[in-house]
Amino acid sequence: MKHPTVADPEALLSELAADRVEFIVVGGTAAVLHGAPVATQDLDIVHRRTEENVARLMNVLARLDAVMRYDLANRGLRPTAAMLLGSGQINLSTSLGPLDPLCELGEGQGYDELLPHTEILSDGGLTIRVLDLPTLIDVKAKTGRARDRAVLPVLIATLEER
């Protein structure tokens with residue numbers, strides 16, 4: 001079965017929450033959740049890197065048929081617990097669209113370090129932790145990628161409107 005190329009963030013977040021995975025929503029989906037008029041194709045999360053939490057995340061990834069997204073040989077490579085306990089970023093294709101578990105946003109910016117810079121958002125049925133807008137702006141400003149620089153004015157305007 002071919003996976004969708006655009007994420008269904010609500011469904012992905014529901015799956016993660018159902019298994020009690022500890023994570024923070026970052027990237028474009030965090031911007032959208034804060035009300036920024038931006039589009040994103042994937043769901044970026046920073047997960048807590050404990051063996052218990054990674055085991056819960058691995059269960060979700062197995063259920064969603066997760067494979068490496070940039071596997072040019074199309075070998076169907078699966079993520080491993082060792083990868084998720086590391087320090088890199090993993091780009092995955094799932095049955096609910098692209099999901100990118102990030103071990104860290106940057107050096108020393110893992111789950112525990114980012115936790116004080118998050119907000120809890122709830123729509124009644126689903127409660128999730130999202131990187132706060134000032135920190136998201138700071139992260140986007142530091143990456144230097146063209147697409148991040150392009151979205152900065154939108155994020156800043158969203159923050160000023162609050």
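Author: Asp65 sits in the loop that runs between H3 and E3. The labels are DSSP runs numbered from the N terminus, where a helix (H or I) has at least four residues and a strand (E) at least two. This is a predicted model, in which local features need pLDDT of at least 70 and side-chain atom pairs count only at pLDDT 80 or more, while totals for chains, interfaces and linings use all residues. Residues are numbered from 1 along each chain as its sequence is written, and side-chain values use heavy atoms, with hydrogens and water left out.

Asp65 is not a glycine, yet its phi is positive, at about 55 degrees. Most residues other than glycine have a negative phi. Asp65 is partly exposed, with 30% relative accessibility. On this scale, buried is under 20% relative accessible area, exposed is over 50%, and partly exposed is in between, for a 1.4 Å probe and protein chains only. Arg20 likewise has a positive phi without being glycine, near 60 degrees. Arg20 belongs to the loop between helix H1 (9-18) and strand E1 (23-26), and it counts as exposed at 61% relative accessibility.

Gly76 has a relative accessible area of 35%, so it is partly exposed. Once residues up to four places away in sequence are set aside, Gly76 touches Val67 and Asp71, a contact being heavy atoms within 4.5 Å. Between the C-alpha atoms of Gly76 and Leu133 there are 35 Å, and the two residues are 57 apart along the chain.

A salt bridge here is a side-chain nitrogen of Lys or Arg within 4 Å of a carboxyl oxygen of Asp or Glu, and the whole structure has 13 of them. Arg48 and Asp112 form one, at 2.7 Å from N to O. Because Arg48 is in the loop between strand E2 (43-47) and helix H3 (51-63) and Asp112 is in helix H5 (residues 111-114), this pair ties together parts 64 residues apart in sequence. Arg48 counts as buried at 19% relative accessibility, whereas Asp112 is partly exposed at 47%.

Arg49 and Glu104 are also paired, with 3.5 Å from N to O. Arg49 is partly exposed, with a relative accessible area of 29%.

A further salt bridge joins Lys140 to Asp148 at 2.9 Å, N to O. Both partners are buried: Lys140 has a relative accessible area of 12%, and Asp148 has 2% relative accessibility. Elsewhere, Glu22, Arg48, Arg56 and Asp112 belong to one network of salt bridges that share partners.

Asp132 is a buried charge without a salt bridge; Arg162 has the nearest side chain of opposite charge, 8.0 Å away. Asp132 is placed in the loop between strand E7 (127-131) and helix H6 (133-143). Beyond its neighbours within four places in sequence, its contacts are His34, His117, Thr118 and Glu119.

As for the chain that holds these parts, it has seven helices and seven strands, in the order α-β-α-β-α-β-α-β-β-α-β-β-α-α along the sequence. The chain has a radius of gyration of 15 Å, which agrees with the value near 15 Å for a compact globule of 162 residues; the radius is taken over C-alpha atoms, and the globule rule is 2.2 Å times the number of residues to the power 0.38. Along the principal axes, the C-alpha atoms fill a box of roughly 45 × 30 × 30 Å. Of the 162 residues, 43% count as buried. Contacts between residues at least 6 apart in sequence join residues at least 24 apart in 61% of cases.

Technical notes:
Lys and Arg count as positive and Asp and Glu as negative; His and the chain ends are not counted.
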